[in-house]
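Subject: Structure handover and findings

Hello,

Here is the structure I promised to pass on. Please look it over first; my notes follow below.

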Amino acid sequence: MNRAPLKRSRILHMALMGASDPLGEAEAIKEKPFLLRALQITLVVSLYWVTSISMVFLNKYLLDSPSLQLDTPIFVTFYQCLVTTLLCKSLSTLAAFCPGAMDFPTLRLDLRVARSVLPLSVVFIGMITFNNLCLKYVGVAFYNVGRSLTTVFNVLLSYLLLKQTTSFYALLTCGIIIGGFWLGVDQEGAEGTLSWTGTLFGVLASLCVSLNAIYTKKVLPAVDGSIWRLTFYNNVNACVLFLPLLLLLGELQTLLNFSQLGSAHFWGMMTLGGLFGFAIGYVTGLQIKFTSPLTHNVSGTAKACAQTVLAVLYYEETKSFLWWTSNMMVLGGSSAYTWVRGWEMKKIQEDPSPKEDEKSSMGV
């Protein structure tokens with residue numbers, strides 16, 4: 001009788017804690033030679049790193065470049081959603097005409113499905129908008145610290161929504177992340193480069209990333225479990241919802257007065273940003289497929305470290321020892337949380353029926 005509620009609770013818990021479905025992980029994987037598998041993993045991880053880092057630097061250029069001087073962050077985000085929508089529809093049409101050449105689901109706009117996905121789309125809009133606004137107001141080097149509280153929000157929401165307690169060691173790693181975040185804010189302030197606006201947008205982006213994971217798990221059944229269908233409906237809804245925002249914030253008028261509106265270079269960079277936005281979803285799924293969700297988290301943390309170093313070198317910035325310490329605390333705390341969660345999931349799989357009195361009493 002209670003099967004459905006338990007299933008929803010378990011799905012929500014998995015979304016919050018970053019865990020994967022044990023049944024999915026237990027699927028048989030064809031044995032491949034070690035060197036071939038190692039080469040595949042290296043290529044996929046490299047592709048993820050290049051795509052993700054390139055997208056951040058390109059978005060920074062579009063949002064806050066002195067050479068462009070274009071103050072329309074909502075339009076930049078809207079255009080990237082539009083490119084993603086058109087790419088999804090184009091690939092769907094291509095797959096229909098060439099069924100043996102590529103595998104892509106058929107996409108038809110169903111208003112009932114669009115309404116079902118709408119709550120997620122609102123969170124999705126918040127996530128990508130706050131991400132871009134954070135990147136607009138803070139430097140690329142501080143970007144990862146500015147939006148580093150996703151893990152903390154995961155733990156907090158798991159307690160508020162599921163009444164799930166968190167182990168002492170997991171809470172300790174969250175404490176390290178929070179400490180690194182505050183130290184980073186302090187050091188940005190000491191160097192005179194702190195943007196409280198950008199930092200606030202980073203915190204809101206972190207919250208929306210956590211909420212996006214929850215709503216994604218809940219909404220997936222409405223699109224038959226297809227991530228591509230969900231991507232399509234999410235971006236269609238986003239394009240519609242962004243239009244009144246563009247009018248209310250006066251960005252359309254700003255765009256009409258933009259000196260490079262007819263520049264092929266400008267629209268090429270905008271379109272390239274949309275392509276990277278589309279590609280990041282694909283390469284993320286690819287990395288998880290060829291490694292694991294936990295390895296993907298570790299790879300993301302290492303990528304963030306490389307991105308920070310590249311940003312400091314590219315923009316020729318000089319950072320203090322405590323500034324670097326804050327980054328190491330955030331990255332180290334995130335890696336430690338991933339390791340702790342992996343260890344706890346392994347224990348649960350080995351002992352799937354723990355006693356109730358053995359549950360941790362350490363709450364949030």
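A word on burial before the details. Buried means under 20% relative accessible area, exposed means over 50%, and partly exposed is in between. Glu317 has a relative accessible area of 29%, so Glu317 is partly exposed. Please keep in mind that this is a predicted model.

**Overall fold**

The chain holds 14 helices and zero strands. Read from the N terminus, the elements run α-α-α-α-α-α-α-α-α-α-α-α-α-α. Of the 364 residues in the chain, 44% are buried.

**Record against model**

UniProt, in an unreviewed entry, lists these residues under "transmembrane region": 34-57, 77-101, 113-130, 142-161, 168-185, 197-215, 227-246 and 266-286. I looked at two of these spans. Residues 34-57 are 100% helix and 0% strand. The end C-alpha atoms of that span lie 34 Å apart. Residues 113-130 are also 100% helix and 0% strand. Here the end C-alpha atoms are 25 Å apart.

**Salt bridges**

The whole structure has seven salt bridges. Three of them are described here.

- Glu317 and Lys319: the side chains meet at 3.8 Å, N to O. Glu317 is partly exposed at 29%. Lys319 has a relative accessible area of 16%, so Lys319 is buried.
- Asp64 and Lys60: the closest N and O atoms are 3.3 Å apart. Both residues lie in helix H3 (residues 34-64). They are four residues apart, about one turn of the helix. Asp64 is partly exposed, with a relative accessible area of 38%. Lys60 is buried, with a relative accessible area of 10%.
- Glu344 and Arg341: the side chains meet at 2.5 Å, N to O. Both sit in helix H14 (residues 321-350). Because they are three residues apart there, about one helical turn separates them. Glu344 and Arg341 are both buried.

There is also a network. Salt bridges with shared partners join Glu188, Glu191, Glu317 and Lys319.

**Aromatic pairs**

A search of the whole structure gives 19 aromatic pairs. The ring centres of Phe75 and Phe78 are 6.2 Å apart and their planes stand at 40°, so this pair is tilted. Both residues lie in helix H4 (residues 73-97). They are three residues apart, about one turn of the helix. Phe75 is buried, at 6% relative accessibility. Phe78 is buried too, with a relative accessible area of 12%.

The rings of Phe266 and Trp267 have their centres 5.0 Å apart and their planes at 65°, so that pair is edge-to-face. How do the two residues stand, buried or partly exposed? Phe266 is at 1% relative accessibility and therefore counts as buried. Trp267 is at 27%, so Trp267 counts as partly exposed.

These two pairs belong to one picture. Ring pairs link Phe75, Phe78, Tyr79, Phe258, Phe266 and Trp267 into a cluster.

The charged end of Lys136 sits over the ring of Tyr137, 5.8 Å from the ring centre.

**Surface patch**

Phe168, Tyr169, Leu172 and Ile176 form a nonpolar patch on the surface. Together they have about 400 Å² of accessible area. Leu172 is found in helix H8 (residues 168-190). At 45% relative accessibility, Leu172 counts as partly exposed.

**A cysteine to locate**

Where does Cys305 lie? Cys305 is in helix H13 (residues 293-314). With 28% relative accessibility, Cys305 counts as partly exposed. Cys305 and Leu331 are 26 residues apart along the chain. Their C-alpha atoms are separated by 7.2 Å.

Best wishes

How values were computed:
Residues numbered from 1 in each chain as written. Predicted model: local features only at pLDDT ≥ 70, side-chain atom pairs only at ≥ 80, totals over all residues. Heavy atoms only, no water. UniProt positions renumbered as here; feature names shortened; annotations may be inferred. Helix = DSSP H or I, 4+ residues; strand = E, 2+ residues; numbered from the N terminus. Patch = residues over 30% accessible without salt bridge, like charges linked within 9 Å, V, L, I, M, F, W, Y side chains within 5 Å. Areas by Shrake-Rupley, 256 points an atom, 1.4 Å probe, with all protein chains shown as cover. Salt bridge = Lys/Arg side-chain N within 4 Å of Asp/Glu carboxyl O. Buried < 20%, exposed > 50% of the residue type's maximum accessible area, 1.4 Å probe, protein only. Phe/Tyr/Trp six-rings, centres within 6.5 Å; stacked < 30°, edge-to-face > 60°. Lys NZ or Arg CZ within 6 Å of the ring centre and 35° of its normal.
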